[in-house]
Amino acid sequence: MSRLAGKVALITGAASKPGLGNSTALRFAQEGARLVITDINEEGLKACEQEIRDAGGEVVAWRQDVTAESDWQETLDRTIESWGKLDILVNNAGIAVLRMVDVMTPAEFEKQMAVNMTSVFLGTRKAIPLMRKNGSGSIINLSSIAGLVGIPGASAYAASKGGVRLFSKTVALECARENIRCNSVHPGVIWTNIQQDAIRDNPEQYEIINASIPMGRMGDPEDVANCILFLASDEARYITGAEFVVDGGMTAQ
Ligand SMILES: NC(=O)c1ccc[n+]([C@@H]2O[C@H](COP(=O)([O-])OP(=O)(O)OC[C@H]3O[C@@H](n4cnc5c(N)ncnc54)[C@H](O)[C@@H]3O)[C@@H](O)[C@H]2O)c1
């Protein structure tokens, strides 16, 4: 398969397995992309890099904290050194600070915004000039259904993901004439480490959540990776400023 043949893609937050960045990296490699994968978790990152290489994929990997502007500069410089260009940016790295608003500290709120929202701004502003040189590009930002509807206990997370949603549409409009597309992806409940951490203290939530999803189950990381793959590929060449919900019907209710 070669839906991304000739393309260079950068995916942040690729270390966690099961995780959306990790699954997307494997899927992109299967479709012929040359990859840069980054994360703050170097051990998980190495494992992902090895898995892709073992499957015959082309990948380089290094530590990047997405909240640090200097790390973004270094990452994009090294991307050009490694592969000569950048076609696709997947802003995937994220955390979930889940606390009721009246007990959340300002520091927790700021941290949530830095990792999930400011990072997307930092990466996008530096990726656009590189994509401009190619005459095209695709930026895919991970938002959430929490960026579409309110969820109790998720106010900071929702603020960050709602921000990502409208940031993506605005970037899409600013870059449309340059053939640089920007879309947001809104997963529902997907069985990854972020979700397993959230449910660890309340295991009974597992069945309750499954029952609340119209399709009767949480999503697999590949369910989201396949959507991101489509948006990254030229099959989505006329799609920009759009939001793609991957939630088994949750927000259709
Ligand atoms: N899993 C879900 O149900 C779900 C639902 C909606 C949205 N999302 C979003 O999808 C994205 C991926 O989520 P996931 O479920 O794979 O989570 P995950 O926790 O499994 O993976 C997230 C990765 O981001 C990395 N990361 C965290 N802070 C970082 C930083 N400062 N710099 C670089 N890397 C950092 C982590 O080390 C980890 O490898 C996130 O943005 C998340 O908010 C997930």
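This report describes the overall build of one protein chain and then some of its local features. The model is predicted.

**The chain as a whole**

The chain contains eight helices and seven strands. Its radius of gyration is 17 Å, close to the 18 Å that the globule rule gives for 253 residues, so the chain is as compact as a globular protein of that length. Along the principal axes, the C-alpha atoms fill a box of roughly 50 × 40 × 35 Å. Of the 253 residues, 49% count as buried. The accessible surface comes to about 11700 Å², and carbon and sulfur atoms account for 52% of that surface. Contacts can also be sorted by how far apart the two residues lie in sequence. Among contacts between residues at least 6 apart, 73% join residues at least 24 apart.

**Strand S6**

Strand S6 covers residues 180–187, and eight of its eight residues are buried, so the strand is largely enclosed by the rest of the structure. Which residues lie on each side of S6? Ile180, Cys182, Ser184 and His186 are on one side, while Arg181, Asn183, Val185 and Pro187 are on the other; both faces are covered. S6 runs parallel to S5, and six bridges join the two strands. One of the paired positions is Gly137, whose bridge partner in S6 is Ile180.

Asn179 is found in the loop between H5 and S6. Its phi is near 65°, a positive value in a residue other than glycine. Most residues other than glycine have a negative phi. Ile151 is found in another loop, the one between strand S5 (137–142) and helix H5 (155–175).

**A cis peptide bond**

Lys17 and Pro18 are joined by a cis peptide bond, with omega about 5°. Pro18 is found in the loop between strand S1 (8–12) and helix H1 (20–30). Most peptide bonds are trans.

Conventions:
Residues numbered from 1 in each chain as written. Predicted model: local features only at pLDDT ≥ 70, side-chain atom pairs only at ≥ 80, totals over all residues. Heavy atoms only, no water. Helix = DSSP H or I, 4+ residues; strand = E, 2+ residues; numbered from the N terminus. Rg over C-alpha atoms; globule rule 2.2 N^0.38 Å. Buried < 20%, exposed > 50% of the residue type's maximum accessible area, 1.4 Å probe, protein only. Contact = heavy atoms within 4.5 Å. Areas by Shrake-Rupley, 256 points an atom, 1.4 Å probe, with all protein chains shown as cover. Pairing = 2+ DSSP bridges.
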